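Please look over the structure shown below.

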Amino acid sequence: MKGKFFTRRDFLKAAAVTPLAGVLGSGLKVTAADETANKSRVVLIRDENALVSFKKPNPEVIQQMLDQAVTALLDVSDPVAAWKKLVKPEDIVGIKSNVWRYLPTTEEVEGALKKRIMDAGVAEKNIGIDDRGVRRNPIFQKATAIINARPARTHHWSGIGGCIKNQIMFVPRPADYHGDSCADMATLWKEFNLVERTKLNVLLMLSPQFHSVGPHGYADRYVWQYKGIIVSPDPVAADSVGLRIILAKRLEHFGKDEPLETPAKHVQIAETRHGLGISDPSRIELIQLGWKEDILI
Amino acid sequence: MCYSNEERDELAVLLPEEVNGWRPAEDDRIFDPETIFDYIDGAGEVYRAFGFRRLFARHFAKSGQPDIYADVFDMGTSANAFGVFTHDPEGKDVGIGQGSKGQGSLLSFWKDRYFISLFAEEETEESKQALMAIAHEVDRTLERTGPLPLIVSYLPDENRIEGRIHYFFNHLILNFHYFVADENILFLDENTQGALAFYRWADSTYPLLLILYPDVAKTSEAHDNFIQTYMPDAGASDLIQTENGKWTAARVKKNLLIIVFDAPSREEAEKKLGEVRLK
C-alpha cells in the first residue's frame, strides 16, 4: 500500500482554501509545465433537425454537422480537404464505434464518417467499423488511423462514458482498468498505441444520457435530445466538454447540484496524471456552431 | 463457466415462461463474474463487489410493446442480495420480496439470496403491469427468505433516515456512497461487514459507518490505521473537528469499528457513538 493516501480530509482542506477545489474529485494539481501547454480545440455543433425521432439520427443532417465541425476544427473550408488532413489514402482506418444497445453510435454516424474517409482516398476494403471485436478484427489489428466515435452518457462505474473510455475494447481484460472508478483508464491509450493513431474523437451529444439507473444503467427518461456533436483530436478535451454539458443537464433536471453517482475523475486524471489531453476548461478552445437553444455551456 | 442442467434450472424456474403476452425472445443466458461485462457493461463491477455467483437473463418480447429484460442474480448469500439492493436507493417500495423499489420502467427487489431486476425498454401502462406480474411470480416461487446482515441490527434507529442504509464489504462501494479515502484504509474485505447509514440533525444529515471485523485484533488494526491516515492531528484523542467545522470520531467496541463523520457537534458525535450497541 502506498505511503500517502488521499482522503476526504484532503478534500475538506482544499475546499477550505478554494471553495470549488474538490468538485471534480481528484484534488490533484496541474503542474507548472501543464499550465504552459497549448490549448486543445473542441468543436461543438448542434442542429435542431439532427434527429428524425427519439434517438434516431437524420443521416443528411449528421453528414452536414460532421462536415462543418471537422472543417472548423482544422481551419479548412472543404470537408474532403479537411479529412485528407486526418487520413491518407494508404491508411488502414478503424472506426471505433459503440454498440451499447440503448445508445449506440448508430449506422447514420458510422456511415457519414466512412463516406468522408473514402472521399479522402482510403479504399473501402481498408476501412473497418467495430466495437467489441476490435481485438480480433484484421482491420483494427493493422489500423494506422482510428476514428473514435461514441455517444456520451453517464456510467455507473466511471462517471461518464466518453471518448477516453471508448477505447477500452482494445484491452484483453477491460476489468483490469476498473479500479478506483476507472481513474487510470487513460493509460490504455499509451499501452495499446492509441494516442498517435487516433486521429479524431467524435463524442455524440445527439441523445446524451445524464443519469444511470438499474443494472443496465439506462432509462429513456434520463436521455434528452440535445442534438449535438463534439469533435476534437483530444479525447480528454472532448470528454471534458461533454461532461460539463451532462452536469449542467443534471442541475437543470434535478433542480440542485446532484453529483454523479461516481465522480468522473478519470477525465481530469487523464490530464493531470497521464498527460493524455486537456480537461481544464480554461485551456480548451471551444468553438460552438449551429443551434444555440438550451446549449447548457 | 459451465453449469449443470440442475443449476440452470434452479434459476430458470424462478421466471415465468409467459406473462401478459410477453414471451422469451431468445435463448436464456447465464453470466458469471468473468463474463458479466458482456451483458451489463461497467456496472458489472457492482455485482462483482458483492460477490455475485451467477446471473440468469431472460429477454421477453411482445408485439407492439417494449422488450423486457429480467435478470436474476444469485448473490450467494442473503446479505449480499440485500447489499446490492441497497446500492441503488432510487425508487418507491412496491411491496415485493424482502425489499423492493420501482420507478418507471425499472423494478427491483431482493429475497433470500437473490436480487431480481426487471427492466422495460419503454415505460407503458402494459409494460409496468408486466413487470409487476413477473415480480409477483418470482416472489411466489421463491418460498424462503434470508436473514439481514448482522451489522445492520447494530445501527441505532433514532433519527435514522429511512431507506438510506447501505451494506457492503468493499471499499469502492463505501466510496460510492461516501468517499473516505482512495485506498482501502479500513481494511474492508469479504471477511468484514460494513454498514453506512445517514442520520438527521436539524436541517442537515451526517453518516455513521460501522464495520464488523472477524476478530478484535483486526478491528484495532483498522482503527489505528484510520486514526493515523484520516486524523493524524487528533493526538491521543479519537475525535476531531475537521476543516469544515464538523466532527469526526472513531471508536472500537470489541470487534466493531464505529466511525461518525461530519457530526454537527462534539456532543452529537459522542452521543451517536454511544447509541451503537452490540447485540
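In this predicted model, 49% of the 297 residues of chain A count as buried. For chain B, the share is 44% of 279 residues. A residue is called buried here if 20 or more other C-beta atoms lie within 10 Å of its own.

The overall make-up of the chains comes next. Chain A holds eleven helices and ten strands. Chain B has eight helices and 13 strands. The C-alpha atoms of chain A fill a box of roughly 55 × 40 × 40 Å along the principal axes. For chain B, the C-alpha trace spans about 65 × 40 × 30 Å along its principal axes.

Does the extent of chain A fit a compact globule, or does it depart from one? A compact globule of 297 residues would have a radius of gyration near 19 Å, and chain A has 19 Å, so the two agree.

Take the contacts in chain A with a separation of 6 or more: residues 24 or more positions apart account for 73% of them.

**A helix pair in chain A**

Two packed helices are described by the angle between their axes and the distance between the axes. Helix α10 of chain A covers residues 235-254, and helix α11 of chain A covers residues 265-272. Their axes come within 10 Å and cross at roughly 145 degrees. The crossing of α10(A) and α11(A) is left-handed.

Which residues meet in this pair? From α10(A) come A:V236, A:D239, A:S240 and A:L243. From α11(A) come A:V267, A:A270 and A:E271. The residues of this contact divide into four nonpolar, one polar and two charged.

**The two domains of chain B**

The domain assignment divides chain B into domain 1 (5-141) and domain 2 (150-275). The centres of domain 1 and domain 2 of chain B, taken over C-alpha atoms, are 32 Å apart. Eight residues from domain 1 of chain B and ten residues from domain 2 of chain B take part in the contact. Which element gives the largest share of the domain 1 side? Helix α4 (residues 78-87) of chain B does, with five residues. That side of domain 1 divides into four nonpolar, four polar and no charged residues.

**Where the chains meet**

| Residue | Other C-beta atoms within 10 Å | Class |
|---|---|---|
| B:P16 | 21 | buried |
| B:D112 | 18 | partly exposed |
| A:D294 | 13 | partly exposed |
| A:N193 | 12 | exposed |

Start with B:P16. This residue sits in the loop between α1 (5-12) and β1 (23-24) of chain B. Why is B:P16 classed as buried? B:P16 is buried because 21 other C-beta atoms lie within 10 Å. Leaving out residues up to four places away in sequence, B:P16 touches B:I134 and B:E137. B:N80 is 64 residues from B:P16 along the chain, and their C-alpha atoms are separated by 24 Å.

Next comes B:D112. Its place is the loop between β6 (106-111) and β7 (114-120) of chain B. B:D112 has 18 C-beta neighbours inside 10 Å, so it counts as partly exposed. Residues up to four places away in sequence aside, B:D112 touches B:S78, B:L142, B:R144, B:T145 and B:G146.

A:N193 lies in the loop between α9 (187-191) and β8 (198-209) of chain A. With 12 other C-beta atoms within 10 Å, A:N193 is exposed.

A:D294 lies in the segment after β10 (284-290) of chain A.

Note on methods: Residues are numbered from 1 along each chain as its sequence is written. Chains are lettered from A and ligands numbered from 1 in the order in which they are written. This is a predicted model: local features need pLDDT of at least 70, side-chain atom pairs count only at pLDDT 80 or more; totals for chains, interfaces and linings use all residues. Helices (H or I, at least four residues) and strands (E, at least two) are DSSP runs, numbered from the N terminus. Two residues are in contact if their C-beta atoms, placed from the backbone, lie within 7 Å. The radius of gyration is taken over C-alpha atoms; the globule rule is 2.2 Å times the number of residues to the power 0.38. Axes are lines fitted to C-alpha atoms, for helices over the stretch in contact, and angles run from 0 to 180 degrees between N-to-C directions. A crossing is left-handed if the near helix is turned anticlockwise from the far one by less than a right angle, and right-handed if clockwise. Ala, Val, Leu, Ile, Met, Phe, Trp, Tyr, Cys and Pro count as nonpolar, Asp, Glu, Lys and Arg as charged, and the others, Gly among them, as polar. Domain bounds come from an automatic or database domain assignment.
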